[in-house]
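Morning, everyone. Please bring it up on your screens.

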Amino acid sequence: MRIMRAAYASAFDADNPLAALTVGERPEPVHPADDWVTVQVRSSSLNHHDLWSLRGVGLAGDRLPMILGCDAAGIDPDGNEVVVYPLIADPGDPRGISILSEHFPGTFAERVAVPRENLVPKPADLSFTDAACLPTAWLTAWRMLTTKGRLDSADAVLVQGAGGGVATAAVVLAVASGKRVYATSRDAAKRERIAALGATALEPGARLPERVDVVIETVGAATFDHSLKSAAPMARIVVSGATAGHEPKVNLRRVFAMQLEILGTSMGTPDELRDLMAFCAERKVRPVVDAVYPFSEVAQAFARLHSGEVFGKVVLDHTA
């Protein structure tokens, strides 16, 4: 049996998830079906999903040890440069799908196994570092703006809680699409960086100079009333997270009087990932990268993400 170095959840710790992370040797992933292939991972990126897994959220104890990681770019068995689409068809999951590292070993390893149909060609213009940022956070932001938010018919966008992976991606993509973008953050330093990306940076709850057509909402209860008040008639409020409370009070009179749409979404499709990569290549858009760590420093990368000080994506270089 071949072994490889990997970063995996060996236990759960709700209070100190970093204590549940182990870096060591694991068996090379097996192929559950004939259509699966093994990808040599060149780069991967961290998501808060990985920290939640270490806390025991979305990952059952009987699946430990579990190699973490959803996002990766690498080389397929034929020598092609590919990006790994991280959702796997899973009849045993109530959603009908699961994301890598929930039921199947993830990308924080030398190699990862996925169905061949999950391999998306990497544009030559995108580096492995940039490509590894896209399949989860950036794909979620892309779907929120395009498929759900119908960005083409919008003039202005509000992004709540910019600084995190999805929200920062939404700012960059909306600006690159030529829209007027407003983005909130509690952190003054992050507001400066948001402004440098081309958005109008505001404190949470600040009055906007105009009502917006699309609201990108990943914060939840702490910002949802502001999202409702900032929405123009017929606006779309697209929700993909609730980091600050999942049960907001909703003024239904405002919802029906303004004919607002509240839309939930998660991740995206392989075709949307292809569209996102094509958009990034064509418009010279590159993901905002907070830091790149060699795989040998994966524990430090997790600590960086856990610190809450990140702006953009934390990436692992598997060649270093």
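One definition before the tour. A residue is called buried when its relative accessible area is under 20%, exposed when over 50%, and partly exposed in between. Also keep in mind that this is a predicted model.

Now apply that definition. Is Thr140 buried or exposed? Thr140 has 6% relative accessibility, so it counts as buried. Look for it in helix H3, which covers residues 134–148. What does Thr140 touch, beyond its neighbours within four places in sequence? Val166, Ser240 and Met267. Met267 comes up again here. A polar atom of the Thr140 side chain lies 3.3 Å from the backbone nitrogen of Met267.

Stay with H3. The axes of H3 and H8 are 9 Å apart, and the packing angle is about 90°. That is why H3 counts as roughly perpendicular to H8. Who makes the contact? From H3, the residues include Leu134, Trp138 and Trp142. From H8, they include Leu273, Leu276 and Phe279.

Some of those names return in the largest nonpolar core. That core has 49 residues. Which of them touch the most other members? Trp138, Val159, Leu173, Leu273 and Leu276. Take Leu273 as an example. Not counting residues up to four places away in sequence, Leu273 touches Val83, Tyr85, Val120, Leu134, Pro135 and Leu139. There is also a second, separate core. It has 21 residues, including Ala20, Leu21, Val298 and Val310.

On to the sheet. Six strands form an open sheet, and the pairing is parallel. Read the order with me: S13-S12-S11-S14-S15-S16. Which strands sit at the edges? Strand S13 (200–202) and strand S16 (261–264), each pairing on one side only. Neighbouring strands are turned by 20° against each other on average, direction ignored.

Zoom in on one pair. Strand S14, residues 212–217, runs parallel to strand S15, residues 231–239. How many bridges join S14 and S15? Five. In one of these, Val214 has Arg236 of S15 as its bridge partner. Now look at what covers part of the sheet. Helix H5, residues 188–196, lies across S13 and strand S12 (180–184). H5 runs at about 165° to S13.

Next, some antiparallel pairing. S5 pairs with strand S6, residues 81–84, over three bridges. Ile75 has Glu81 as its bridge partner in S6. S5 and S6 make a hairpin, with five residues between them. In the turn, Gly79 has a positive phi of about 85°. S6 also pairs with strand S10 (residues 119–121), again antiparallel and over three bridges. There, Val83 stands opposite Val120. Both Val83 and Val120 were on the contact list of Leu273.

A quick stop at Asp130, in helix H2. Asp130 has 14% relative accessibility, so it counts as buried. Leaving aside neighbours within four places in sequence, Asp130 is in contact with Arg286, Pro287 and Val289.

Most residues other than glycine have a negative phi, and most peptide bonds are trans. Where are the exceptions in this model? Start with the bond between Leu64 and Pro65. That peptide bond is cis, with omega about -10°. Pro65 is in the loop between helix H1 (48–55) and strand S4 (66–67).

Then two residues with positive phi. Ser101 has phi near 90°. Its loop runs between strand S8 (97–99) and strand S9 (111–115). Ser101 counts as buried, because its relative accessibility is 0%. Arg150 has phi near 50°. Arg150 is in the loop between H3 and S11. Its relative accessible area is 35%, so Arg150 is partly exposed.

Definitions and conventions: Residues numbered from 1 in each chain as written. Predicted model: local features only at pLDDT ≥ 70, side-chain atom pairs only at ≥ 80, totals over all residues. Heavy atoms only, no water. Pairing = 2+ DSSP bridges. Helix = DSSP H or I, 4+ residues; strand = E, 2+ residues; numbered from the N terminus. Axes fitted to C-alpha atoms, helices over the stretch in contact; angles between N-to-C directions. Contact = heavy atoms within 4.5 Å. Buried < 20%, exposed > 50% of the residue type's maximum accessible area, 1.4 Å probe, protein only. Polar contact = N/O pair within 3.5 Å; in protein donor to acceptor, adjacent residues only side chain to side chain. Core = buried A, V, L, I, M, F, W, Y, C linked by side-chain atoms within 4.5 Å. Parallel < 35°, antiparallel > 145°, perpendicular 65-115°, else oblique.
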